[in-house]
Amino acid sequence: MDVRIEGLSKSFGSNQVLKSLDMTFPERRFVTLLGPSGCGKTTLLRMIAGLERATAGAIYFGGNRVDHLSPGDRNIAMVFQSYALYPTMDVAQNIGYGLKVRGIPKADRAEKVGVVARVLEIGQLLARKPRALSGGQRQRVALGRAMVRKPDIFLMDEPLSNLDAKLRATMRGELKRFHLDLETTSIYVTHDQLEAMTMSDLVAVMDQGVVQQFATPEEVYDRPANLFVAGFIGSPPMNFAEAELGEAAGRPVLRIAGRALPVPPQFDLSGAPSRLTLGIRPQDVRLAAPEAPDAIPGTVWMTELIGSERLIEVEIAPRLRITAEVRSEIRAELNAPAAVAFDMAKLHLFDPGTGRALPRR
Ligand SMILES: Nc1ncnc2c1ncn2[C@@H]1O[C@H](COP(=O)(O)OP(=O)(O)O)[C@@H](O)[C@H]1O
Ligand SMILES: [Mg+2]
């Protein structure tokens with residue numbers, strides 16, 4: 001069942017936290033709402049769940065308007081960051097509780113709980129109380145409780161944020177697997193770009209109550225629609241620098257730090273302002289010999305080993321530093337001369353006035 005929202009707005013008093021959103025969450029897809037804390041992700045999810053009323057706009061499930069329906073009548077399941085389990089009930093009772101209140105007979109319930117417990121590999125824990133479970137096991141019980149009801153729509157609000165890093169990585173895979181098994185439309189909220197990029201079919205990048213870009217993880221990474229998305233997605237963050245659009249030998253060039261770089265042919269410069277913001281990911285910057293034609297010389301400002309890679313920050317103009325992510329064998333000495341070169345096929349260009357990416361041919 002797909003979920004469509006139309007002109008959806010929400011204000012708390014004078015604080016407008018969602019600004020007329022229009023979007024469709026396609027059937028059976030895993031869609032993530034990704035954005036910084038306070039951008040309105042939870043509010044949007046709670047409105048889809050029916051826990052919060054919209055100030056304006058409409059919500060449709062499979063073409064039917066659901067705004068007037070209470071959460072219990074929407075056939076949704078929701079997993080929160082703090083997955084409150086009933087402390088006095090054992091795991092089986094916790095998972096089966098939603099079925100019990102719906103009057104499903106005991107034998108039927110036991111069978112459904114058994115299937116879900118097997119999928120989540122918690123079959124051996126069914127008789128335990130929540131206090132005797134680890135954080136990861138509790139989270140699985142919370143997921144089981146949501147799964148067992150065969151919801152049309154599965155809503156998750158930062159369900160992994162209370163887990164340690166290793167378990168989070170495991171649970172990312174499990175949640176994705178679970179989504180594929182369940183064949184349910186899933187809407188997932190996180191501020192963690194790694195979760196969003198690894199698990200989602202589609203990512204809605206949000207900022208200040210507005211969806212900045214709604215696209216596949218690849219598109220959001222390779223073709224960020226604006227400066228916000230470009231800066232928010234990717235680690236370490238994209239380098240930005242001001243560049244002047246000019247001409248050399250009849251060809252358009254970008255002037256930066258005293259150099260003239262040819263504008264890559266993929267950009268449509270018609271209507272482009274003369275000052276642009278150039279963006280390049282650290283993964284697309286390399287250290288170059290200073291005499292190379294595309295090299296931008298500078299001095300090493302900082303280096304940092306991050307496992308198999310090393311980050312080398314080169315100052316190419318006063319207070320203008322470019323980070324290169326290179327293999328860890330490559331070393332650079334602080335304050336030594338160094339030059340960077342950009343993989344121009346991976347360059348991003350933005351209009352600094354609007355923040356929007358320049359159109360591509
Ligand atoms: N019940 C509420 N009353 C007043 N303001 C709220 C309420 N819930 C959320 N907000 C405000 O709405 C904004 C968005 O919050 P939220 O949806 O929780 O963001 P996110 O989940 O992206 O961190 C925040 O500024 C928050 O303070
Ligand atoms: Mg939230």
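Trainee: Hi! How do the residues of the shell around ligand 1 divide into nonpolar, polar and charged?

Mentor: Three are nonpolar, six polar and one charged. Here Ala, Val, Leu, Ile, Met, Phe, Trp, Tyr, Cys and Pro count as nonpolar, Asp, Glu, Lys and Arg as charged, and the others, Gly among them, as polar. Keep in mind that this is a predicted model, where local features need pLDDT of at least 70, side-chain atom pairs count only at pLDDT 80 or more, and totals for chains, interfaces and linings use all residues. Residues are numbered from 1 along each chain as its sequence is written, while chains are lettered from A and ligands numbered from 1 in the order in which they are written.

Trainee: Thanks! Which residues are around ligand 1?

Mentor: Phe-12, Val-17, Gly-35, Ser-37, Gly-38, Cys-39, Gly-40, Lys-41, Thr-42 and Thr-43. Each has its C-beta atom, placed from the backbone, within 6 Å of the ligand.

Trainee: And where does the largest share of that shell come from?

Mentor: From helix α1 (residues 41-49), with three residues. Helices are DSSP runs of H or I with at least four residues, strands are runs of E with at least two, and both are numbered from the N terminus.

Trainee: New topic: what is the strand order in the open sheet of five strands?

Mentor: β15-β19-β16-β17-β18, with antiparallel pairing. Strands pair if DSSP finds at least two bridges between them.

Trainee: Which strands stand at the edges?

Mentor: β15 (285-288) and β18 (320-327); each has a single partner strand, so one side of each is left without a neighbour in the sheet.

Trainee: How many bridges join β15 to β19?

Mentor: Four, and these strands run antiparallel. Arg-286 stands opposite Ala-341 in β19.
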